[in-house]
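Please open the model in the viewer and keep the selection panel at hand.

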Amino acid sequence: MSDSEHEDETGGLFEDPADFYPPTPPPTFQTYTTKTGAPITLHLVGHSSTEAHHLWNGSRVVADYFQDHPDEVQGRTVLELGAAAGLPSIVAAAVGAKRVVVTDYPDPEIVDTMWKNIWGCELLDQKDMPIVADGYVWGADPEPLLAHLSSGLEGQTGGDKKTDKFDVIILADLLFRHSEHGNLVKSIEMTMRKSRDSKAFVVFTSYRPWLQHKDLAFFDVARERGFTVEKILELKTERPLFENDPGDEDIRKTVTGWVLQWPKEACEEPST
């Protein structure tokens with residue numbers, strides 16, 4: 001009996017009904033307003049198992065921070081991990097970062113959405129774009145990301161492929177992925193330039209207050225790998241991102257920011 005005859009005989013017995021799976025939510029967008037009043041439209045995928053369909057509070061706070069402290073990114077190379085919409089990266093580029101590589105899980109829809117946000121931002125120089133989007137799995141070989149520095153962006157000339165790494169790393173609201181802490185720190189190790197001027201900005205909210213200790217365990221991993229850790233900010237938002245979630249509301253509204261740096265003895269380059 002042929003496959004087609006078998007299918008006819010069973011009447012599609014093993015086929016799921018057309019409405020068996022709920023439809024994927026459509027893409028959405030949100031608007032972020034810079035401190036100068038300029039709007040940035042941020043497109044988001046309709047749904048993602050990596051939670052890339054949210055504009056996280058950590059992203060907003062990092063974007064605000066770079067506008068208040070533009071010297072942290074001006075003239076520097078920047079890498080963002082788990083970026084979703086890529087807001088901090090776009091703001092870093094807009095305030096003068098030399099080169100920016102914005103990354104998230106290598107899902108075509110997520111990467112396309114990051115590109116859409118880049119090309120749609122009127123604050124960026126479309127003729128000399130300093131930012132590129134790419135897919136990246138935490139802990140994986142970072143050579144494709146580092147290659148963006150050596151090859152340059154939009155015609156810019158890069159440096160020595162063997163030494164080019166990033167001055168600034170951004171992790172916004174990623175610490176709830178407890179099983180990935182090791183890979184996140186590994187990615188910082190592999191991509192951050194060994195200079196006292198280099199910084200990894202880690203900004204997050206404990207959206208599940210009863211697991212806050214597990215979120216904070218990330219910094220234990222970072223210290224074990226030799227990084228210094230410093231808390232640089234704490235602020236409370238007007239309301240929690242997920243208003244109907246359980247747990248202490250004050251914790252769910254609180255955003256904290258931390259900086260990871262190489263200790264002096266680990267640095268291969270002097271501070272500038």
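Is Asp173 buried or exposed? In this predicted model, Asp173 has a relative accessibility of 2% and therefore counts as buried, the cut-off being under 20%. Asp173 belongs to the loop between strand S6 (168-172) and helix H6. Display its backbone as well: phi is about 55°, a positive value, although Asp173 is not a glycine. Most residues other than glycine have a negative phi.

**Along helix H6**

Select next residues 181-191, which form helix H6, and pick Thr191 within them. Thr191 counts as buried because its relative accessibility is 1%. Which residues surround Thr191, leaving aside neighbours within four places in sequence? Show Leu79, Pro142, Leu146, Lys165, Phe166 and Ile169, with which Thr191 is in contact.

**The loop between S3 and H3**

Move to the loop that joins strand S3 (77-81) to helix H3 (87-94), and select Ala84 there. The phi of Ala84 is near 55°, which is positive in a residue other than glycine. With a relative accessible area of 7%, Ala84 is buried.

Now select Ala83, which is also placed in the loop between S3 and H3. Ala83 has a relative accessible area of 2% and is therefore buried. Colour Val102, Thr103, Asp104 and Met114: Ala83 is in contact with these residues when neighbours within four places in sequence are left aside.

**Positions taken from the record**

**The cavity**

How many cavities of 30 Å³ or more does a search of the whole structure find? The search finds one. The largest cavity holds about 30 Å³ of space. To see its lining, select Val62, Tyr65, Phe66, Phe201, Val203, Ile232 and Leu233.

Colour the lining by element of secondary structure. Helix H2 (57-68), strand S7 (199-204) and strand S8 (228-236) each contribute at least two lining residues. The largest share, three residues, is that of H2. Finally, colour by residue class: seven nonpolar residues make up the lining, with no polar and no charged residues.

Terms used. Residues are numbered from 1 along each chain as its sequence is written. This is a predicted model: local features need pLDDT of at least 70, side-chain atom pairs count only at pLDDT 80 or more; totals for chains, interfaces and linings use all residues. Side-chain values use heavy atoms; hydrogens and water are left out. On a 1 Å grid over the protein atoms alone, a cavity is a set of points where a 1.4 Å probe fits but cannot get out, and a pocket is an open set with protein on both sides within 12 Å along at least five of seven lines; lining residues have an atom within 4 Å of a point. Grid points are joined across faces, edges and corners, and a volume is the space filled by probe spheres set on the points. Helices (H or I, at least four residues) and strands (E, at least two) are DSSP runs, numbered from the N terminus. Ala, Val, Leu, Ile, Met, Phe, Trp, Tyr, Cys and Pro count as nonpolar, Asp, Glu, Lys and Arg as charged, and the others, Gly among them, as polar. Buried means under 20% relative accessible area, exposed over 50%, partly exposed in between (1.4 Å probe, protein chains only). Contact means heavy atoms within 4.5 Å.
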